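Grab a pencil and open the viewer. Below are a few exercises, each followed by a worked solution you can check against the coordinates.

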Amino acid sequence: MKADASKSKKKSAKEAQVPMSAKVKSEIHRLVLVILAFMLINGTLGQARVIPSGSMENTLLIGDHLIMSRLGYDAGVPFTNWHVPLWRNPRRLQIVIFKPPFDLTQPDYVKRVIGLPGETVDVHDGAVWINGRKLVENYTVGRTEAPTRLQLTVPYGGLPYKVPENCYFVMGDNRENSLDSRFWGCVPRNDILGTPVIIYMSLDAPRDA
């Protein structure tokens, strides 16, 4: 016991002898390491996102704060718009986060993958049809209809639509309140950033949501 107390006193004496400037430098060094680690994780593995609209109701609600996983989909340089597509490709019915192809300066969009590269997508009789077969969907809100107008800023001829290679046809779950591939065509694979993995906070959502 006495030996331990003696060692503790010696250690405290040594710490007291360390100059304040050295302590400050040590703390700054630790802080820099933490910031660098955060930048690495935020840029290459995951990022936070907030749902701004009701286009994905009732799957994702306005005010939902979620974490997007970029692992395997995209690697970005923190605090820049530079990003590099990786090896993973979305699956049908998977929710993805992407840069809107008709205006890359807009905030990221969140939609569900409906049509895969090479498939023909059509919308009629209140449903989506993939290569002539009706797609069963139990997550949608509202009636699924073909658009009466198109987004004229992109070359898109409307439905039926054959999805080009390296492109994905996406739609919102709230079919009567979603600006999606029905209006402006497919999302290039290079514009897909990742997929939501967890909702960590929900604000302004209905109590029964």
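The protein chain has 3 helices and 13 strands. Bear in mind that this is a predicted model. Buried residues account for 37% of the 209 residues in the chain. Of the contacts in the chain between residues at least 6 apart in sequence, 61% join residues at least 24 apart. The chain exposes about 12,800 Å², and carbon and sulfur atoms supply 59% of that.

**Exercise 1. Work out how enclosed strand S11 is, and which strands it pairs with.**

Step 1: go through the strand. The cut-off to apply here is under 20% relative accessible area.

Step 2: look for pairing. Strands of a sheet pair through backbone hydrogen bonds, either parallel or antiparallel. Strand S6 (residues 109–115) runs antiparallel to S11, with 3 bridges joining the two. One place to look is Arg 112, whose bridge partner in S11 is Met 171. Strand S12 (residues 187–188) is also antiparallel to S11, joined by 2 bridges. There, Cys 167 stands opposite Pro 188.

**Exercise 2. Find the disulfide in the structure and describe its setting.**

Step 1: search. A disulfide is a covalent bond between the sulfur atoms of two cysteines. Here the pair is Cys 167 and Cys 186, with sulfur atoms 2.0 Å apart.

Step 2: The link ties together distant parts of the chain, 19 residues apart: Cys 167 belongs to strand S11, while Cys 186 is in the loop between helix H3 (181–184) and S12.

Step 3: The angle about the S-S bond is 75 degrees, making the link of Cys 167 and Cys 186 right-handed. Both cysteines, Cys 167 and Cys 186, are buried.

**Exercise 3. Track down cis peptide bonds and non-glycine residues with positive phi.**

Step 1: The peptide bond from Glu 57 to Asn 58 is cis, with omega near 5 degrees. Asn 58 is in the loop between strand S1 (46–50) and strand S2 (64–69). Another cis bond runs from Leu 159 to Pro 160, with omega near -5 degrees. Pro 160 is in the loop between S9 and S10.

Step 2: Asn 131 has phi near 50 degrees, positive although the residue is not glycine. Asn 131 lies in the loop between strand S8 (127–130) and S9. Asn 166 also has a positive phi, near 60 degrees, and is in the loop between S10 and S11.

Step 3: classify the two by exposure. Asn 131 has a relative accessible area of 48%, which makes it partly exposed. Asn 166 comes in at 57%, so this one counts as exposed. The line between the two classes is drawn at 50%.

**Exercise 4. Which residues form the nonpolar surface patch that includes Met 20, and is Met 20 buried or exposed?**

Step 1: list the members. Met 20, Val 24 and Ile 28 make up the patch, with about 300 Å² of accessible area together.

Step 2: locate and classify Met 20. This residue is in helix H2 (residues 20–45). Its relative accessibility is 60%, so Met 20 counts as exposed.

Technical notes
Residues numbered from 1 in each chain as written. Predicted model: local features only at pLDDT ≥ 70, side-chain atom pairs only at ≥ 80, totals over all residues. Heavy atoms only, no water. Buried < 20%, exposed > 50% of the residue type's maximum accessible area, 1.4 Å probe, protein only. Helix = DSSP H or I, 4+ residues; strand = E, 2+ residues; numbered from the N terminus. Pairing = 2+ DSSP bridges. Disulfide = S-S within 2.5 Å. Contact = heavy atoms within 4.5 Å. Areas by Shrake-Rupley, 256 points an atom, 1.4 Å probe, with all protein chains shown as cover. Patch = residues over 30% accessible without salt bridge, like charges linked within 9 Å, V, L, I, M, F, W, Y side chains within 5 Å. Salt bridge = Lys/Arg side-chain N within 4 Å of Asp/Glu carboxyl O.
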